[in-house]
Amino acid sequence: MNFKSNTIFVRLVKSLKSINRYILFILCLISLRFQQGPSSFDAVSKTKVLFIYGFTKNFEWPDEKKTDNFIIYVVGKNDNLVSELKKMAAVKKVGEQDIEIKNTTLVDNNINPHIVVFTSDNDPKTISELSSKMKSKGSLLISETTGGCKAGASLNFTYIESKLKFEYKEDAAKKAGLKTKEEFKKMAVKIID
Amino acid sequence: MILISATMLAQEDKLSRAQGLMTSDPGQALLIMDSVIQHPQTKNDFYTWTVRAYIYYELYKKTEKLKLHSAIRDSILSTIKTASELKPDSESFQSINRMYKSLSSGYKKIVKVLLEDSLNYEGSQEAFNNYKKLLLKVEPKHNFEADDIEYNLTVGSIFSNIFNEDNKKTKAGEIAKVALLKVLGMQPTNSSANLNLGLMYYNQAANLSKSLEYGADFTEIDAIQDNMIKLAKQSEKLIRSVYDNDNKNTKSILALYYIYRMLVDTPKFEEFKKKCKEMNLDIGENKPAATEENLNNPQNKDK
């Protein structure tokens with residue numbers, strides 16, 4: 001028995017072949033379209049900011065620095081860190097004080113900060129010079145340089161197997177006029193004499 | 001004899017009318033066919049059943065082609081099953097096989113619709129399995145590896161995207177991981193699967209950090225860092241394999257730049273930073289800080 005609909009089958013098969021190609025093409029497109037890129041979020045800068053905010057809870061600043069804004073001063077170039085600090089400053093306070101973020105590439109002696117953060121591009125000499133000027137001025141100096149604490153910083157960021165940690169020099173913090181709890185020492189990866 | 005011949009002719013006439021109406025009015029054609037398949041002289045004719053199946057197919061194309069569960073499709077399948085059992089000639093047999101193939105392809109299209117339009121993973125799986133089941137009737141030795149890879153890559157891409165955007169959608173994350181791991185099980189060097197899974201791990205690490213609130217204590221920060229690093233290392237392994245196979249792959253270069261930054265692996269970070277610059281990849285350097293008006297908004301500040 002002959003099929004009257006034979007031509008229909010041929011047409012059908014042809015159209016199915018083109019449908020298959022179309023489906024394959026679309027699936028490839030979906031696959032490409034949905035391939036998302038890596039997040040540009042700087043997790044290391046965020047972690048530093050989490051630490052810095054943690055430090056504000058663990059130190060006590062002199063009474064004369066408990067008025068006006070709480071100034072965190074970044075010396076050097078690290079846009080992501082400054083940006084993250086500003087995000088934190090927008091939603092957090094230190095006690096009753098609003099947080100203000102300042103940033104200059106070179107040290108500005110007119111700024112009277114509560115915290116100075118030296119970015120990793122600062123050498124120990126810069127830290128040493130500023131720490132001499134800042135003695136008893138109630139500024140917590142944080143560096144991110146090998147030998148940062150020896151150069152005069154109270155805290156120095158360091159990395160152990162990709163993890164951000166900090167070294168602590170109690171003497172430098174005391175000289176700056178800052179008080180902290182004894183337990184804080186336990187949080188440091190290293191105590192610098 | 002004359003009576004039998006007249007009845008026979010009447011059935012053939014009905015069949016002919018049904019075929020004529022197949023595309024223009026399949027509903028009417030089907031009504032005619034229903035009487036033909038019940039007639040004792042034509043009910044055991046494979047041709048009758050095959051024509052009936054094609055009429056159903058015309059109806060299905062118009063109304064239910066994109067339905068995962070279709071009563072018309074079920075009727076087509078039961079009709080061609082009957083046709084197959086009536087020992088069709090070779091031409092009919094091939095036609096029946098084409099019908100299976102067309103229905104199988106239809107399921108493949110449904111897979112796409114269910115994934116793209118409604119993110120219905122379970123439905124897409126059902127459709128994909130039906131696609132394979134029907135194709136196996138025609139090609140019992142068909143190798144589905146390419147289809148499996150294609151399907152799982154699509155699932156992996158779509159659901160990893162959902163998970164990357166919101167890591168709370170853990171079900172999407174699990175679906176994506178399972179799908180991408182299936183691809184890697186079949187094809188360990190598949191760059192798309194390695195890249196997608198690697199990006200999932202890396203973005204999950206970045207989101208862990210993002211979600212951590214200011215005020216977290218040092219112990220919590222430490223634990224999050226541990227997880228972040230673990231994920232970043234898993235990611236590095238997968239994406240590095242893509243880069244090692246193709247050192248011009250821009251997505252892997254960009255991802256490795258961010259991964260090494262997260263792992264604070266300065267030499268490798270600098271190496272990939274240089275590569276990104278050479279290839280004019282946007283690594284978001286010197287991007288403007290958040291706007292002053294947003295940042296100085298004192299609302300909702302806490303202590």
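Among contacts in chain A between residues at least 6 apart in sequence, what percentage join residues at least 24 apart? The figure is 61%, where two residues are in contact if their C-beta atoms, placed from the backbone, lie within 7 Å. This is a predicted model, in which local features need pLDDT of at least 70 and side-chain atom pairs count only at pLDDT 80 or more, while totals for chains, interfaces and linings use all residues. Residues are numbered from 1 along each chain as its sequence is written, and chains are lettered from A and ligands numbered from 1 in the order in which they are written.

Chain A has six helices and 10 strands; helices (H or I, at least four residues) and strands (E, at least two) are DSSP runs, numbered from the N terminus. Of its 193 residues, 41% are buried. A residue counts as buried if 20 or more other C-beta atoms lie within 10 Å of its own, exposed if 12 or fewer, and partly exposed in between, with C-beta atoms placed from the backbone.

Turning to chain B, there are 13 helices and zero strands. The radius of gyration of chain B is 30 Å, well over the 19 Å that the globule rule gives for 303 residues, so chain B is more spread out than a compact globule. That radius is taken over C-alpha atoms, and the rule is 2.2 Å times the number of residues to the power 0.38. Along the principal axes, the C-alpha atoms of chain B fill a box of roughly 100 × 50 × 35 Å. Buried residues make up 39% of the 303 in chain B. For contacts in chain B with a separation of 6 or more, 55% are between residues 24 or more positions apart.

Two packed helices are described by the angle between their axes and the distance between the axes. Helix α2 (residues 26-38) and helix α3 (residues 46-63) of chain B pack at about 155°, with axes 9 Å apart. Axes here are lines fitted to C-alpha atoms, for helices over the stretch in contact, and angles run from 0 to 180 degrees between N-to-C directions. α2(B) and α3(B) are therefore roughly antiparallel; angles under 35 degrees count as roughly parallel, over 145 as roughly antiparallel, 65 to 115 as roughly perpendicular and the rest as oblique. The contact of α2(B) with α3(B) involves 11 nonpolar, two polar and two charged residues. Ala, Val, Leu, Ile, Met, Phe, Trp, Tyr, Cys and Pro count as nonpolar, Asp, Glu, Lys and Arg as charged, and the others, Gly among them, as polar.

The axes of α11(B) and α12(B) come within 8 Å and cross at roughly 150°, and these two helices are therefore roughly antiparallel as well. Their contact has eight nonpolar, no polar and four charged residues. Residues of α11(B) taking part include B:Leu254 and B:Tyr257, and those of α12(B) include B:Phe269 and B:Phe272.

The loop between α11 (250-262) and α12 (266-278) of chain B holds B:Val264, which has a positive phi of about 50° although it is not a glycine. Most residues other than glycine have a negative phi. With 18 other C-beta atoms within 10 Å, B:Val264 is partly exposed. Chain A has a case too: A:Ser162 has a positive phi near 75° and sits in the loop between β7 (155-160) and β8 (163-168).
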